[in-house]
Every structure is written in C-alpha cells, then in structure tokens.
Amino acid sequence: MPQPGSAGPLDALRWEKRAFVVFARDKAAAARQLAALPARGLVERDMVVLLVSGEGAVKASGAAMDETPSSEALRRQFEVAPDVPFVALLVGKDGGVKVRETAPISAAALFGLIDGMPMRQQEMRSQ
C-alpha cells in the first residue's frame with residue numbers, strides 16, 4: 001500500500017487535491033458510486049474522482065489534471081487486480097490511502113470522514 005512520500009501516478013495532486021479512485025468491473029456499482037457524489041461536495045473538498053473500469057482508460061472528473069494516470073499504474077500502486085469487481089479508495093492530500101471500500105460508499109459517509117480529518121478541519125476554519 002502506498003505511503004505518504006512514495007512516488008506514484010497521483011504525485012501531481014499531492015498537497016493540492018484529494019483523490020477518490022474507483023476501480024469497477026461492475027458497471028452498475030460504478031454508476032451507483034458516481035451518482036452518490038454531488039459535484040458541489042467534491043469541489044468543496046478539493047477532490048478529483050478517477051474511474052478505472054476494467055483494464056481500460058481512466059476517466060477523471062472533479063478537477064482538471066495535466067495528465068490522467070494509466071489504469072495499469074493505478075492498479076499497481078494500489079494493489080488492485082483487474083478481476084476485482086469493485087474497490088473505492090480515498091487518497092488524502094498527503095498521498096496516503098485513508099479509506100478502502102469494496103462496495104459503493106455514500107456521500108455522507110465519505111464526506112463525513114474527510115470533514116473529520118485535521119487538514120480538512122483547518123481548511124474549513126480558514127474559509
């Protein structure tokens with residue numbers, strides 16, 4: 001599992017954005033997960049959503065990225081095999097994995113977790 005400070009495909013986001021990376025062979029689960037995340041909540045929390053479906057291309061939303069990482073690089077970094085039906089990861093601004101779920105997670109649960117983090121608490125106080 002990647003640790004803060006390790007090199008990886010999401011290095012360009014470090015200290016700027018949180019990443020929510022969804023690996024989904026199951027298109028219905030992917031659709032449920034993406035539908036559960038309101039755009040406003042993603043923007044407020046400086047989040048990028050990356051969807052890796054099967055072994056294909058990565059789709060990014062929520063913030064502009066100079067270069068979208070490959071599905072292979074993301075699978076390698078986060079140790080997710082191509083045959084896994086569904087995995088969702090929250091990657092903090094420090095580059096560390098904060099949550100790993102094998103089923104879609106609600107916006108309330110995800111945003112609640114983020115809003116409880118010290119860095120997010122500091123962001124909310126400074127706004």
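Helix H1 (residues 27-35) lies across strands E1, E2 (47-53) and E4, and its direction makes an angle of about 30 degrees with E4. The model is predicted. Helix H3 lies across E1, E2, E3, E4 and E5, running at about 100 degrees to E2. These strands belong to an open sheet of five strands with mixed pairing, in the order E3-E2-E1-E4-E5.

**Sheet layout**

- Strand E3 (58-61) and strand E5 (97-101) stand at the edges of the sheet; each has a single partner strand, so one side of each is left without a neighbour in the sheet.
- On average, neighbouring strands of this sheet are turned by 15 degrees against each other, direction ignored.
- Strands of a sheet pair through backbone hydrogen bonds, in either a parallel or an antiparallel sense.

**Strand pairs**

- E1 and E2 run parallel and are joined by seven bridges.
- Ala24 has Ser53 in E2 as its bridge partner.
- Strand E1 (residues 18-24) also pairs with E4, in the antiparallel sense, over six bridges.
- Val22 stands opposite Ala88 in E4.
- E2 and E3 pair in the antiparallel sense, with four bridges between them.
- Leu51 stands opposite Lys59 in E3.

**Burial and nonpolar cores**

- E2 is mostly covered, with six of its seven residues buried.
- The largest nonpolar core has 20 residues, and those that touch the most other members are Phe20, Val22, Leu37, Met47, Leu90, Leu110 and Phe111.
- At least two residues of this core come from each of E1, H1, E2, E4 and helix H4 (107-115).
- H4 supplies the largest share of this core, four residues.
- Another core, of 15 residues, lies apart from the largest one and includes Leu13, Ala19, Leu74 and Val87.

- Ala81 is found in the loop between helix H3 (71-78) and strand E4 (86-91).
- Ala81 has a relative accessible area of 32% and is therefore partly exposed, as this class lies between the buried limit of 20% and the exposed limit of 50%.
- In sequence, Ala81 and Phe23 are 58 residues apart, while their C-alpha atoms are 9.3 Å apart in space.

Definitions and conventions. Residues numbered from 1 in each chain as written. Predicted model: local features only at pLDDT ≥ 70, side-chain atom pairs only at ≥ 80, totals over all residues. Heavy atoms only, no water. Buried < 20%, exposed > 50% of the residue type's maximum accessible area, 1.4 Å probe, protein only. Pairing = 2+ DSSP bridges. Axes fitted to C-alpha atoms, helices over the stretch in contact; angles between N-to-C directions. Contact = heavy atoms within 4.5 Å. Core = buried A, V, L, I, M, F, W, Y, C linked by side-chain atoms within 4.5 Å.
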